[in-house]
Amino acid sequence: MIKWIATDMDGTLLHSNHGISEENIRAIQHARENGVGVVVATGRIYKFACLPLKNAGLKLPVISLNGAQIHSEDGKCLLSIPLSVEQTKKIYQILNKESIYFEVYTNRALVANSRWQALKMLKTLKGNGSWFRIFSGIQHHFFNREVQFIPDFPERLEKEVIDCYKFIIFSQDPEKLESVKQKLAIVPDLAISSSSSVNLEITHRKAQKGLALETFAHMNGASLNEVMAIGDGGNDKSMLEKAGFSVAMGNAADELLKIADYVTSSNDEHGFARAVEKVLEINQCEQIHSKIR
């Protein structure tokens, strides 16, 4: 019997316009009506994870920052695993030498390393679009997300209490990302994953979706065998490997398609809702078998 469904957000629960479809909202409601809880497991910070949920009229527990934090349905922080000051400074030092754009998710703000690198990154990701499109991307990415540029950020770590949970690195050059990944390997106790082909995400080794999901399940009196996990990116792999029933989106990375127990349709085809109905069917069959036994 599945007691909990753990779902990624971007590329999974959310459609391409970053909202939750009516079909997926109804699926969540249907699951809960049948005694199956739903927990979000995302790379987003908690604040930004709550926005699409609020717009959809939903309140759910949230595993955020790839597992660095767990919040209850009412917003109480149940787990927090930041990077150490030593790890943060070393990562920052390595990335600054690489002339690559990156952001740091902290308990105070979303910190970026360089306005110029940010502009280059958005120009690259937007391709040959108009400057209006690029400017709109900048406005959405930086102003709406309240990004701060702090040149002396490493020095501030020594003077202020700042918890750093995640670095995210952007580049369309896979060789550059691989090179950076190899250089980061010298820093102890890191987990390095990605949510798309153009980024790397860095957290503490203990801050992974799979480990956080295991903790969450135990907090709620469930085993991992009683959990379904669904996702589309490399940072979802750890929770799909641990869950009793794993689901890959139709738009998922190949590494997830290879390990999933079930492949659903894409995020723009309400693949999450289809997977929920599959789980409820499995539960119903299990109930019938239990009665027979």
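This is a predicted model: local features need pLDDT of at least 70, side-chain atom pairs count only at pLDDT 80 or more; totals for chains, interfaces and linings use all residues.
View 1. Strand β3 (residues 62-64) and strand β4 (residues 69-71) run antiparallel and are joined by three bridges. Within this pair, Ile63 stands opposite Ile70 in β4.

**View 2. Strand β12 between its two partners.** Strand β12 (residues 227-231) is largely enclosed by the rest of the structure, because five of its five residues are buried. In a regular strand the side chains alternate between the two faces of the sheet. Both faces of β12 are covered, with Val227, Ala229 and Gly231 buried on one side and Met228 and Ile230 buried on the other. Strand β1 (residues 4-7) pairs with β12 in the parallel sense over four bridges, and Thr7 stands opposite Ile230 of β12. The pairing of β12 with strand β13 (residues 245-248) is likewise parallel and comprises four bridges, with Ala248 in β13 as the bridge partner of Gly231. Together with helix α10 (residues 237-242), β12 and β13 make a right-handed β-α-β unit.

**View 3. Nonpolar cores and the surroundings of Met228.** The largest nonpolar core has 52 residues, and those with the most contacts inside it are Ile5, Ile20, Leu53, Ile63, Leu213, Met228 and Phe272. Helix α12 (residues 271-292) gives the most to this core, contributing six residues. Beyond its neighbours within four places in sequence, Met228 is in contact with Ile2, Trp4, Ile5, Ala6, Ala243, Phe245, Val247, Ala275 and Val279.

**View 4. Lys209, a buried lysine in helix α9.** Lys209 lies in helix α9 (residues 209-219). Its relative accessibility is 1%, so Lys209 counts as buried, the cut-off for that term being under 20%. The side chains of Lys209 and Asp236 are joined by a polar contact of 2.5 Å. When neighbours within four places in sequence are left aside, the residues in contact with Lys209 are Asp8, Ala41, Thr42, Gly43, Asn66, Gly67, Asn235, Asp236, Ser238 and Met239.

Notes: Residues are numbered from 1 along each chain as its sequence is written. Side-chain values use heavy atoms; hydrogens and water are left out. Two strands pair if DSSP finds at least two bridges between them. Helices (H or I, at least four residues) and strands (E, at least two) are DSSP runs, numbered from the N terminus. Buried means under 20% relative accessible area, exposed over 50%, partly exposed in between (1.4 Å probe, protein chains only). A polar contact is a pair of N or O atoms within 3.5 Å; within protein, one must be able to donate a hydrogen and the other to accept it, and residues adjacent in sequence count only if both atoms are side-chain atoms. Contact means heavy atoms within 4.5 Å. A nonpolar core is a set of buried Ala, Val, Leu, Ile, Met, Phe, Trp, Tyr and Cys residues joined through side-chain atoms within 4.5 Å. A crossover is right-handed if, with the strands pointing away from the viewer, the path from the first strand over the helix to the second runs clockwise.
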